[in-house]
Amino acid sequence: MSPPSATTAVPPPASNGSKPHAKTITTTPPTVYPKADGSNIPAWVKPDLTRLLRVERNPGSFASRSISLVSLPANSIFARITTPTPAVVAYSSVQASRDLHIELNCDLVYINHSCRPSLVFDMARWEVRVAPDRDLKEGDELTFWYPSTEWKMAQPFECGCGEKGCKGTISGAGDMSEDVLGEYWLNGHVEEMLEERRKNGA
């Protein structure tokens, strides 16, 4: 779509003592196109995860991790989830709603759990955001709190994040107390199931 034109009234020089008449000159503002290499398109729009994170593939089971290549303010968008496919519950899947689990099919799968996460996975909006309580700095490890998406996990594990107040065994929000869950941002489907648990007196 062409950009709107701008009009400017410019009076021509007066002649023979007559009053100047308004003349309309039409100008069109320049169009800014994306660069051929896409360098002026935000990485989360493109999306291009190679501009957002670096995966460190370490030997051993579940030893790999991802490191941020960018600095962003708290609660800003880090990336959008653009390549999901429906999946069965597995160690690599993410719970997107009450009845839907997905595989991410991209390097976001290397974002590990932490009890002091640097990111949140907002599955209602299909986006990954910087944690609301602090900024993300280049070089930070990218983490999120798994129970914020998972009600029951396929493979519970003993957390080794080393953070003060680490929650220990992580098996999903369904096995955690209200006090613990109240410390974290939770997805809507987790909030709904938590409310059902309250009503059932569990």
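**Entry 1: Glu 127**

I started with Glu 127, which is buried at a relative accessible area of 5% (buried means under 20%, exposed over 50%, partly exposed in between, with a 1.4 Å probe and protein chains only). Before going on, I noted that this is a predicted model, where local features need pLDDT of at least 70, side-chain atom pairs count only at pLDDT 80 or more, and totals for chains, interfaces and linings use all residues. I also noted that residues are numbered from 1 along each chain as its sequence is written, and that side-chain values use heavy atoms, with hydrogens and water left out.

Where does Glu 127 sit? I found Glu 127 in strand β11, residues 127–130 (helices, H or I of at least four residues, and strands, E of at least two, are DSSP runs numbered from the N terminus).

Next I looked up polar contacts (N or O atom pairs within 3.5 Å; within protein, one must be able to donate a hydrogen and the other to accept it, and residues adjacent in sequence count only if both atoms are side-chain atoms). The side chain of Glu 127 has one of 3.0 Å with the side chain of Arg 80, and another of 3.1 Å with the side chain of Arg 129.

I then checked contacts (heavy atoms within 4.5 Å), skipping neighbours within four places in sequence. Among the residues that Glu 127 touches are Ile 77, Ala 79, Ile 81, Val 120 and Phe 121.

**Entry 2: a sheet**

I traced an open sheet of three strands, ordered β6-β8-β7 with antiparallel pairing. Its edge strands are β6 (85–87) and β7 (94–95), each pairing on one side only. For pairing, DSSP has to find at least two bridges between two strands. Three bridges join β6 to β8 (residues 101–103). Which residue of β8 stands opposite Pro 86? I found Ile 102 there.

**Entry 3: Ala 63**

Ala 63 lies in the loop between β3 (53–56) and β4 (65–68). Ala 63 is partly exposed, at 28% relative accessibility. I also looked at Asn 112, 49 residues from Ala 63 along the chain: their C-alpha atoms are 9.4 Å apart.

**Entry 4: cysteines**

How many disulfides are there? I got zero, with a disulfide taken as a pair of cysteine sulfur atoms within 2.5 Å. The sulfur of Cys 159 has its closest cysteine sulfur in Cys 161, at 3.5 Å, so that is too far for a bond. For Cys 166 the closest cysteine sulfur is in Cys 159, 3.6 Å away and also too far. Cys 159 is buried at 11% relative accessibility, whereas Cys 166 is partly exposed, at 31%.
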